[in-house]
Amino acid sequence: MIVTVIAGGPDINPQIVHDIASDSEMIICADSGADVAIKAGLRIDKLLGDLDSISAEAKEYISGNDIPVEVFPVQKDMTDTELALRQLDKSDEIRLIVSLAGRPDHMIANIMLLIKLKDEGYDITLTDGVSDVIPLIGPDKISVEGLDPNTGLNISLIPVDFGEEVKGVSSEGLFYELKDADLHAGSTYSVSNSLKEGCDSFEVTVKSGKMALIITPL
């Protein structure tokens with residue numbers, strides 16, 4: 001089942017959110033993610049969280065449309081986003097829509113949560129509607145196809161574990177290609193790559209270790 005989890009935050013384009021989530025079989029909103037979903041014209045199948053940031057207008061919409069709500073205390077051990085994700089099944093294809101602007105603690109925590117859930121066996125990706133963040137945990141391989149070679153992209157491979165190297169990283173279709181490289185958390189070596197001229201796809205393989213593939217249009 002395709003499930004989209006929408007969280008709140010600044011600089012989330014409602015139209016792009018609609019395009020990402022419109023074919024989902026279930027849409028779950030975490031707190032003010034409901035405001036994003038409503039602006040995007042999406043149905044909401046469930047709302048959960050401590051509801052400390054959702055707007056009064058969105059609360060009225062939720063109540064008026066009899067949308068199921070699960071309320072949690074403000075003082076808790078997980079963010080609203082993680083609470084929503086933890087209710088899903090590992091067999092689901094999960095699309096997490098969150099802001100990558102605003103509070104850096106939330107941004108970093110959400111990317112690390114993405115990696116953690118991937119490591120636990122969840123099929124999950126993250127986007128803010130502009131940048132896509134795809135977790136890779138070796139042995140792993142991904143092919144990204146159907147790209148416009150005339151549209152510029154920043155493509156970065158970011159190791160996320162300071163205690164473990166990412167080993168055996170190879171890539172094809174990128175301007176700077178890697179051949180069985182070892183990457184280290186904290187290094188900027190694999191930041192800001194791009195498509196090789198004329199290519200409309202690229203592939204990344206990793207033998208071991210954890211990293212985030214981040215794709216951002218120029």
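Helix H5 has 16 residues, which at 1.5 Å a residue should span 22 Å; its end C-alpha atoms are 23 Å apart, which agrees. The expected span is 1.5 Å times one less than the number of residues in the helix. Helices (H or I, at least four residues) and strands (E, at least two) are DSSP runs, numbered from the N terminus. The model is predicted: local features need pLDDT of at least 70 and side-chain atom pairs count only at pLDDT 80 or more, while totals for chains, interfaces and linings use all residues. Residues are numbered from 1 along each chain as its sequence is written, and side-chain values use heavy atoms, with hydrogens and water left out.

Within H5, the residues Asn110, Ile111, Leu113, Leu114, Ile115 and Leu117 are buried, where buried means under 20% relative accessible area, exposed over 50%, and partly exposed in between (1.4 Å probe, protein chains only). An α-helix has 3.6 residues a turn, so residues three or four places apart point the same way. The buried residues of H5 pack against H4, strand E6 (123–127), strand E7 (132–137) and E13; contact here means heavy atoms within 4.5 Å. Just after H5, Gly121 takes a positive phi of about 105°.

Thr81, in helix H4, is buried with a relative accessible area of 8%. Not counting residues up to four places away in sequence, Thr81 touches Ala7, Ala30, Leu96, Val98 and Asn110. Thr81 and Asn110 are 29 residues apart in sequence, and their C-alpha atoms are 8.2 Å apart in space.

Now to the spaces. Rolling a probe the size of a water molecule over the atoms shows where empty space is left. On a 1 Å grid over the protein atoms alone, a cavity is a set of points where a 1.4 Å probe fits but cannot get out, and a pocket is an open set with protein on both sides within 12 Å along at least five of seven lines; lining residues have an atom within 4 Å of a point. Grid points are joined across faces, edges and corners, and a volume is the space filled by probe spheres set on the points.

The largest pocket holds about 520 Å³ of space. Its lining has 25 residues, of which Gly8, Thr79, Asp80, Thr81 and His106 lie nearest its centre. Helix H4 (80–85) and helix H5 (104–119) each supply at least two lining residues, and H5 gives the most, with 4. By class, the lining has 8 nonpolar, 10 polar and 7 charged residues. Ala, Val, Leu, Ile, Met, Phe, Trp, Tyr, Cys and Pro count as nonpolar, Asp, Glu, Lys and Arg as charged, and the others, Gly among them, as polar.

The second largest pocket holds about 370 Å³. Of the 18 residues that line this second pocket, Met107, Ile111, Ile158, Val160 and Ile214 are the closest to its centre. H5, E9 and strand E13 (210–217) each supply at least two of its lining residues. The lining has 12 nonpolar, 6 polar and no charged residues.

Strand E9 (residues 153–159) supplies the largest share of the cavity lining, 3 residues. Ser171 is among the lining residues; this serine is in strand E10 (residues 166–172) and is buried, with a relative accessible area of 1%.
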